[in-house]
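Please walk through the model below from its overall layout to its individual residues.

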Amino acid sequence: MKHKLTQGFTVIELIVVVAFLGAAAALLLIQRSDLNASQRDNQRKTAINAMYYNLEEVYYAKNGFYPSKIDDTVLTAMDPKLFTDPDDTKINDTGSEYHYDGTDCQGDHCKSYKLSADMEKEATYVKKSRNN
């Protein structure tokens, strides 16, 4: 009696392939999430650096002091979109990832400041005034 050979996959082979594909998909999602978080952190650094250089090279150079608060009406030489964090919250609004603290102020005239951004993958990114 002749046995006919059938070609196909066993249940174990299918389980192994599905498990492998599931693990690869999970790894891909984790990597993508890390990449997106790093990209948002880079956006935050870019925005903070733009604010910092605008405060130092434009605002302080022109006025001789720092403002007590910043926004697109105070720092007009930069893109207004940079005042909004990746979660769409403006710098002076509650819950913003961007923080500006003018220090040693008399009214709207401050002698120094601290500018920072809350990061996802790194420690808080901080820039301080040159003229402390």
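The paragraphs that follow take up the fold, the core, the surface and the backbone in turn.

This is a predicted model. The chain contains one helix and four strands, and from the N terminus these elements follow the order α-β-β-β-β. The chain has a radius of gyration of 26 Å, whereas the globule rule gives 14 Å for 132 residues, so the chain is more spread out than a compact globule. The C-alpha trace spans about 100 × 25 × 25 Å along its principal axes. Among contacts with a separation of 6 or more, 48% join residues 24 or more positions apart.

How much of the chain is buried? Of the 132 residues, 27% are buried. The accessible surface of the chain is about 9400 Å², and carbon and sulfur atoms hold 55% of that area.

Next comes the interior. In soluble globular proteins, nonpolar side chains tend to be buried together. Here the largest nonpolar core has 21 residues, and Met 51, Ile 70, Ile 91, Tyr 100 and Leu 115 are the ones with the most contacts inside it. Helix α1, strand β2 (98-106) and strand β3 (109-117) each contribute at least two residues to this core. Which element gives the most to the core? That is α1, with six residues.

Leaving aside residues up to four places away in sequence, Ile 91 touches Met 51, Ile 70, Phe 83, Ser 96, Tyr 98, His 99, Tyr 100 and Leu 115.

The surface also carries nonpolar side chains. Val 17, Phe 20 and Leu 21 form a nonpolar patch there, and their accessible area together is about 330 Å². Phe 20 belongs to helix α1, which covers residues 11-63. Why does Phe 20 count as exposed? Its relative accessibility is 59%, and exposed means over 50%, so Phe 20 falls in that class.

The last topic is the backbone. Most residues other than glycine have a negative phi. Asp 88 is not a glycine, yet has a positive phi of about 70 degrees. Asp 88 sits in the loop between β1 (66-67) and β2. The relative accessibility of Asp 88 is 68%, so this residue too counts as exposed. Asp 104 also has a positive phi without being a glycine, with a value near 55 degrees. As for its place in the chain, Asp 104 lies in strand β2.

How values were computed:
Residues numbered from 1 in each chain as written. Predicted model: local features only at pLDDT ≥ 70, side-chain atom pairs only at ≥ 80, totals over all residues. Heavy atoms only, no water. Patch = residues over 30% accessible without salt bridge, like charges linked within 9 Å, V, L, I, M, F, W, Y side chains within 5 Å. Areas by Shrake-Rupley, 256 points an atom, 1.4 Å probe, with all protein chains shown as cover. Salt bridge = Lys/Arg side-chain N within 4 Å of Asp/Glu carboxyl O. Buried < 20%, exposed > 50% of the residue type's maximum accessible area, 1.4 Å probe, protein only. Rg over C-alpha atoms; globule rule 2.2 N^0.38 Å. Contact = heavy atoms within 4.5 Å. Core = buried A, V, L, I, M, F, W, Y, C linked by side-chain atoms within 4.5 Å.
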